[in-house]
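These are my notebook entries on one structure, written down in the order in which I looked things up.

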Amino acid sequence: MFRELDDELNRHLAMLADLARDPDDGLVSSVTRRQLPRVVDAVATLLSEHSPDQHGRCGACRPDHWWQPRPTFPCPAYLAVHRALFAGTLS
């Protein structure tokens, strides 16, 4: 099941990345208007699940071993999204 979901997600993201390079601005604009809100919602949902609890630890990430505490915020998932969005920019 995971493989099918992962393949579908990767195909969809690859299609969107390819679309960004398409010379047909009308097509790009049309698809972007439909897809961008969905991508934004997906990222926002992911980040909301990885928000800190009252102790500053990620609510979704789990440690490698039972005796370790959960990762502190920002967790690896939150940092990965931030890096993907802002890599190469000054923040």
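**Entry 1: the pocket**

I began with the largest pocket, and I noted that α1 (2-20), α2 and α3 (76-86) each supply at least two residues of its lining. Helices here are DSSP runs of H or I with at least four residues, numbered from the N terminus. I wrote down that this is a predicted model, in which local features need pLDDT of at least 70 and side-chain atom pairs count only at pLDDT 80 or more, while totals for chains, interfaces and linings use all residues. Residues are numbered from 1 along each chain as its sequence is written, and side-chain values use heavy atoms, with hydrogens and water left out.

A pocket is an open set of points on a 1 Å grid over the protein atoms alone, where a 1.4 Å probe fits and protein lies on both sides within 12 Å along at least five of seven lines; lining residues have an atom within 4 Å of a point. I looked up the volume of the largest pocket, which is about 560 Å³, counted as the space filled by probe spheres set on the points. Its lining has 15 residues, and Leu9, Leu13, Val39, Ala42 and Val43 lie nearest the centre. The largest share of the lining, eight residues, comes from α2.

**Entry 2: helix α2**

Next I checked the length of α2: at 1.5 Å a residue its 25 residues should span 36 Å, and the end C-alpha atoms are 35 Å apart, so the two agree. For the expected span, 1.5 Å is multiplied by one less than the number of residues. I also found that α2 bends by about 40 degrees at Thr32, the bend being the angle between axes fitted to the seven residues ending there and the seven starting there.

Which residues of α2 are buried? I listed Val28, Val31, Gln35 and Leu47, where buried means under 20% relative accessible area with a 1.4 Å probe, protein chains only. These residues pack against α1 and α3.

Leaving aside neighbours within four places in sequence, Gln35 is in contact (heavy atoms within 4.5 Å) with His12 and Leu16.

I then turned to His50, which is found in the loop between α2 and α3. His50 is buried too, because its relative accessible area is 11%. With neighbours within four places again left aside, its contacts include Cys58, Cys61 and Cys75.

Technical notes
Buried < 20%, exposed > 50% of the residue type's maximum accessible area, 1.4 Å probe, protein only.
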